[in-house]
Amino acid sequence: MDCKNAMALVDNARIEETPFRMSEATAGDFFALLKPRVMSLVVFTAFVGLVAAPATINPFLAVVAILAIAIGAGASGALNMWYDADIDAVMTRTADRPVPSGRVTPGEALAFGLVLSALSVMTLGVLVNWLSASLLAFTIFFYAVVYTIWLKRSTPQNIVIGGAAGAFPPVIGWAAATGTVSLESVILFLIIFLWTPPHFWALALFKSGDYERAGVPMMPNVAGAASTRRQIFAYALVLAPVGVLPWYLGYAGAAYGAVAALLGAGFVWYSWKVLLMRDDDSAMKPAKALFAYSLLYLFAVFAAYLADSVAERALGLVGA
């Protein structure tokens, strides 16, 4: 099935859908709409921001905050799948998603995403604080409207600008605990923001055919593979020292600084291997290796920051 026919099928499904149709979706299909793998990273980075913040939050409210952020992230995923059903249908890695596969109707995905968006923001605002709720609302809007509806299909800088949505969770967690936004939380934002382009461009290098069929202007399809590889390496050179900033500015200890420096050096090394790739490298092993390492990098950096914060707090209690 070619791209035009697949997109026509999705459009027809949207037109033919009626409010009287009985849903055949299972609970698992609606759970898949939440993009659970993406949600898990959002929840983890938000949890790090909440725990690392210099404030004590009631344990019940902490659980409420994390659940609300998780639901908000899931709502963003559902809205993304609703709007992107046409291009998801022609990409091999997304064709089996609930909407393009027909298991969930576009109307169901839209309603699900909107209800969860309202629920998550109101819960966070009423039970925790309205600053964190406002940041969550902005994040959902930015991902669903600014990135999904506008940037993704219009510019190869889609991931660069749109990556801000994925970088907000630690700031939201921090705001939930303190009611403020500080430089320390902004640095956590910057780490994810600078990590996002090389992470997704590595994926785009070995999935460029998918994006080309779907008409999504990812960097390799617009600027070429060579330019994308150079940009990946440039971002790695900036990301590595930014990852060490919490130690340099006194927000984290030497152990964190050493771990972050080693992880950053690894990111630069893998990016260097990508830079040296040949245009005719059909296996794309360096790009796949960088993509896998980038996931490890982000998890490990935030895990190290979390461990440092918990250890510092525990030592403070012992000293008191």
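**View 1. Salt bridges across the model.** Seven salt bridges are counted in this predicted model, where a salt bridge is a side-chain nitrogen of Lys or Arg within 4 Å of a carboxyl oxygen of Asp or Glu. Side chains of opposite charge can pair when their charged atoms come close. Residues are numbered from 1 along each chain as its sequence is written, and side-chain values use heavy atoms, with hydrogens and water left out. Because the model is predicted, local features need pLDDT of at least 70 and side-chain atom pairs count only at pLDDT 80 or more, while totals for chains, interfaces and linings use all residues.

**View 2. The salt bridge of Arg153 with Asp84.** The closest N and O atoms of Arg153 and Asp84 are 3.0 Å apart. This pair links distant parts of the chain, 69 residues apart, since Arg153 lies in the loop between H7 and H8, and Asp84 in the loop between H4 and helix H5 (85–88). Helices here are DSSP runs of H or I with at least four residues, numbered from the N terminus. Arg153 counts as partly exposed because its relative accessibility is 28%, whereas Asp84, at 0%, counts as buried; buried means under 20% relative accessible area, exposed over 50%, and partly exposed in between (1.4 Å probe, protein chains only).

View 3. Asp88 forms a salt bridge with Arg97, with 3.2 Å between the closest N and O atoms. Asp88 is buried, with a relative accessible area of 1%, and Arg97 also counts as buried, at 19% relative accessibility. In another salt bridge, the side chains of Arg213 and Asp210 meet at 2.3 Å, N to O. Both residues lie in helix H11 (residues 208–214), where they are three residues apart, about one turn of the helix. Salt bridges that share partners join Asp84, Asp86, Lys152 and Arg153 into one network.

**View 4. The largest pocket and its lining.** The volume of the largest pocket is about 1400 Å³, a volume being the space filled by probe spheres set on grid points that are joined across faces, edges and corners. Lining the largest pocket are 50 residues, of which Lys35, Arg37, Val38, Tyr143 and Phe200 are the closest to its centre. A pocket is an open set of points on a 1 Å grid over the protein atoms alone, where a 1.4 Å probe fits, with protein on both sides within 12 Å along at least five of seven lines, and lining residues have an atom within 4 Å of a point. Helix H3 (36–52) gives the largest share of this lining, eight residues. By class, the lining has 30 nonpolar, 13 polar and seven charged residues, with Ala, Val, Leu, Ile, Met, Phe, Trp, Tyr, Cys and Pro counted as nonpolar, Asp, Glu, Lys and Arg as charged, and the others, Gly among them, as polar.

View 5. Lys35 is found in the loop between helix H2 (27–33) and H3. Its phi is near 50 degrees, a positive value in a residue other than glycine. Lys35 is buried because its relative accessible area is 14%.

View 6. Leu131, Val181, Leu183, Val186, Leu190, Trp247, Tyr248 and Leu249 make a nonpolar surface patch of about 710 Å². Helix H10 (183–206) and helix H13 (225–248) each supply at least two of its residues, and the largest share, three residues, comes from H10. Tyr248 is found in helix H13 and counts as exposed, because its relative accessibility is 63%. Nonpolar side chains (Val, Leu, Ile, Met, Phe, Trp, Tyr) are joined into a patch within 5 Å, and like charges within 9 Å, using residues with over 30% relative accessible area and no salt bridge.

Technical notes: Areas by Shrake-Rupley, 256 points an atom, 1.4 Å probe, with all protein chains shown as cover.
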